[in-house]
Amino acid sequence: MQKIFGFAWRGKSGVTQWEKGTMSLLKGAASGEQPMAGWLEGEPMYTDRQLVIRHTVPTNGLSFAGTIDVMNADQVASALISQLDQGLPLHLELSRVEFSDVSGIRAFVLAAECADARNRIVLHGLPSLLQRVITVVGWADLPGLEICSCSAG
Ligand SMILES: [Zn+2]
């Protein structure tokens, strides 16, 4: 395993901590297609006890690490919607989301409902279970939502 993220999990406190270093390279997907490989991670744009959302370079992306649930789903939706005005697809790196309940999924869908094909939300590295849920309930058909083929499963 390559270890190029400046990411460490502190189990005892349950607090997610980022090690020093402002930028780190996003890893590529295990499969052949790697749309977000080579993107840089930038400054955090949202942090709470269980989740860190970081800006990326190029700027039309966000990387997620941690847990999304009813405690922060509203903030996640707001964070996503705030990034939709760039006139470009918004790419999300989700391979380090350890857990998301249905309210977390709903946050992505809510944001996607505010998007259209031009500024659609593209999910990368989505855990296979979440991908299945989104597909089964038909949310994958939203014009504002795209699940990249690099997603797990
Ligand atoms: Zn992808």
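Reply: **The helix pair and its strands**

Helix α1 (residues 73–82) packs on helix α2 (residues 102–113) at an angle of about 25°, with the axes 8 Å apart. Axes here are lines fitted to C-alpha atoms, for helices over the stretch in contact, and angles run from 0 to 180 degrees between N-to-C directions. That makes α1 roughly parallel to α2 (angles under 35 degrees count as that). Helices are DSSP runs of H or I with at least four residues, strands are runs of E with at least two, and both are numbered from the N terminus.

This is a predicted model, so to speak of local features takes pLDDT of at least 70, side-chain atom pairs count only at pLDDT 80 or more, and totals for chains, interfaces and linings use all residues. Residues are numbered from 1 along each chain as its sequence is written.

On the α1 side, Ala73, Val76, Ala77, Leu80 and Ile81 do the meeting; their α2 counterparts include Ala107, Phe108 and Leu110 (contact: C-beta atoms, placed from the backbone, within 7 Å).

Now the strands. β7 (residues 90–100) and β8 (residues 121–124) run parallel, joined by 4 bridges (pairing takes at least two DSSP bridges). Histidine 91 has valine 122 of β8 as its bridge partner, and valine 122 also stands opposite glutamate 146 in β9. β8 and β9 (residues 145–147) run parallel too, with 3 bridges.

Notes. Parallel < 35°, antiparallel > 145°, perpendicular 65-115°, else oblique. Contact = placed C-beta atoms within 7 Å.
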